[in-house]
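Subject: Structure handover

Hello,

Please find the structure below, with the sequence alongside. My notes come after it.

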Amino acid sequence: MTAGFPDGFLWGVAHAANQCEGSYDVDGKGLSQADVIPSPQAMDYVNIGDLMKVSREQIATAVAYHGTEGYPKRRGTDAYARWEEDAALFAELGIKALRMSIAWTRIFPNGVEAEPNEAGLAHYERLFTRLRESGIEPVVTISHYEMPLHLVTELGGWENREVIGHYVRYAETILRRYRGLVRHWLTFNEINTTLIEPYTSAGLLEDPERPMEPRSYQALHHQYLASSHATRIAHEVDPANRVGCMLARMTHYPATSDPDDVLEAQRLNEMNLQHTDVQVRGAYPGIVRRYWREHGIEIAMEPGDEELLAEHTVDFLSFSYYMTLVAAADPSTYGQTGGNLFSTIKNPNLPVTEWGWHLDPVGLRVTLNDLWNRYQVPLFIVENGLGATDQVLPDGSIQDDHRIDYMQRHLEAVREAIADGVDLLGYTCWGGIDIVSASTSQVTKRYGLIYVDADDAGHGTYDRTRKKSFGWYKELIASNGASL
Ligand code: BG6
C-alpha cells in the first residue's frame, strides 16, 4: 500500500502577475518588460523563442502606445481588478497555497525610486490578508518575468551590477511589509531561463557587437547574488521565513544506450543543475567553470561574491515540471518537437500536447528522486500543468477531462515519489485560472481550472467559470490526495 500525502501538504495553484493581473497602468504601476511584448500575429512554433524577445524599436513603439490592444500582458486576465472574486474562487477550491508573484513595477514603477508606491503595497497587503483569512498560504515569487522596463532600457538589465541594489531594495521593502503575512518566498522564477530567454528572464536586449551568452552568464551571476541578499534579509526579518530557488527542471534522457548519448544527457542535466548547485549548495560546479574556460567566458566577480553565495543558500528547492527532454551526441538525425523553451528531440515513447510538449508523468517521479538524492533539501513543485484549448459546451460547461487526466497521472507519480522518500512541501498546479501564456502570449493556451471568457485578441467578458477540473481538484484537496 502506497503511503499518501503528508499532513500539511501545500496543495495549491500558481500564476504570475504579468500573465494575469492586467491593469498595466493603474494605481501608479510602471511599465514592465512584459508590457511591451507584442501579440504574435502568426504562430510559428519553430521560431517561438522569437516571441519572447523584443528590439529597442519595438520597445519605443510600445512605450508610445497607451492601450492594451496588441499587448496581451497589459490586459492579462483582469486579475488585478477582480482580485476579490478570484480569491473567493480559490477559497472555494480549498487550496492551501497560492503561488503568485508581486509585480515589481507596482512597488517601484521604474525600479530606481527611493520610496515605494504605497498603492501597490496596499493592494498586495489586502490580497495576502484575504488569502490568510481563507487559510491560504501565499507563496510569493519576488521576480517573475516582469522587471521594470526602465532597468532594461536605461541600465541594460541584469548584466549591470547596479540592478542588484535595486532588486535588494525592492525585496527588502516587501519582506518587511509582509512580515507574518507571507512566509514562503521564491527569489526568481526559473532562473535558468536567463541562459535561454535572456530578455524575458534578465532584461537583456540583443546587441550585434556583443554575443549574448557571456552577457547571460554575467546577468545570472548578478541574479544569484541578489537572491543570496534576499535570502539573508528574509531570514533577518523573520526567522520563520522560508526561501526557495526556482528552476525550470529539464531532465534529459539519453536517446539511446550509446555511451556518447548517455554522456551528453548527463552533461545537459549537470548544466541544468548548475543553478541549484549555486543556490542550494552555494558554489559554482566544475562543469560550469570548464564551460566558461572553453568558451572564453569571463565573469566579473568582486571580492566577497563567492562567500555570499556560500553563506546564504536557500531553504528549499522549487521547480517547474512540464516535460522531459532527450539528448543525443549527434542530434541532427532526430526529429524535433515544437514548443518554445522546451524544444527537444522527439521521444518516440511519449505523446505530445497540442503545443508539442512531451507528456511524461513518470518523468516527474524520476525528477523528484534525482533532485532529492542530489540535494537533500525539501522540494516544492510550483508549476505543472497542461496548456490546452478548451471548449465551452452549449450548456456553458467546460468538460476538461484532458486536464484531469494530466493532473491525475502526474499526481500519482508524485505520490510514488513521496513513498520513495522524497521530502515534498507541496504542489501548485500552473494556472488556477486561465492566464496569458508566457511564451506565446495566448489566452487560448489554457492552463486554468477556472475558465476566463477571453480570446487572444482581448475580446470577451473576462467572466470566470469553473471547469470540470475545478470540482475534481477540490475533492482531491479535501481528501488530502486520498481520492486520487
Ligand atoms: C513556465 C513559466 O516556464 O512555464 C510560466 O514560469 C509559464 O510563466 C509556464 O506560463 C507555461 O509556459 P507557457 O509559455 O505555455 O505559458
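The notes cover the barrel, the helices packed on and beside it, and the ligand shell.

This is a predicted model, in which local features need pLDDT of at least 70, side-chain atom pairs count only at pLDDT 80 or more, and totals for chains, interfaces and linings use all residues. Residues are numbered from 1 along each chain as its sequence is written.

Barrel

In the order β1-β2-β3-β4-β5-β7-β11-β12, 8 strands close into a barrel, and the pairing is parallel. Strands here are DSSP runs (E, at least two residues), as are helices (H or I, at least four), both numbered from the N terminus; two strands pair if DSSP finds at least two bridges between them. On average, neighbouring strands of this sheet are turned by 25 degrees against each other, direction ignored. One of the pairs is β4 (residues 184-186) with β5 (residues 242-248), parallel over 3 bridges. There, R242 in β5 is the bridge partner of H184.

Helices on the sheet

Helix α14 (residues 361-375) packs on the sheet and touches β7 (316-320), β11 (379-383) and β12 (424-430). Contact means that C-beta atoms, placed from the backbone, lie within 7 Å. The direction of α14 makes about 140 degrees with that of β11. Helix α15 lies across β11 and β12 and runs at about 170 degrees to β12. Axes are lines fitted to C-alpha atoms, for helices over the stretch in contact, and angles run from 0 to 180 degrees between N-to-C directions.

Helix pairs

The axes of α14 and α15 come within 8 Å and cross at roughly 30 degrees. That makes α14 roughly parallel to α15, a term for angles under 35 degrees. The α14 residues in the contact are P361, V362, L364, R365, L368 and N369, and those of α15 include R409, H410 and E412. By class, this contact of α14 with α15 has 7 nonpolar, 2 polar and 5 charged residues. Ala, Val, Leu, Ile, Met, Phe, Trp, Tyr, Cys and Pro count as nonpolar, Asp, Glu, Lys and Arg as charged, and the others, Gly among them, as polar.

Helix α15 (residues 401-420) also packs with helix α16 (residues 468-478), at an angle of about 30 degrees and with the axes 8 Å apart. That makes α15 roughly parallel to α16. D401, R403, I404 and M407 of α15 meet K468, S469, W472 and Y473 of α16. The contact of α15 with α16 divides into 4 nonpolar, 1 polar and 3 charged residues.

In another pair, helix α8 (residues 162-177) and helix α10 (residues 212-237) pack at about 25 degrees, their axes 9 Å apart. That makes α8 roughly parallel to α10. Among the contact residues are V163, I164 and Y167 of α8 and H222, L225 and A226 of α10. The contact of α8 with α10 has 12 nonpolar, 2 polar and 2 charged residues.

Ligand

Around the ligand there are 17 residues, of which E190, G387, S437, A438 and S439 come nearest. A residue is near a molecule if its C-beta atom, placed from the backbone, lies within 6 Å of it. The shell has 6 nonpolar, 8 polar and 3 charged residues.

Regards

Technical notes
Angles under 35 degrees count as roughly parallel, over 145 as roughly antiparallel, 65 to 115 as roughly perpendicular and the rest as oblique. Two residues are in contact if their C-beta atoms, placed from the backbone, lie within 7 Å.
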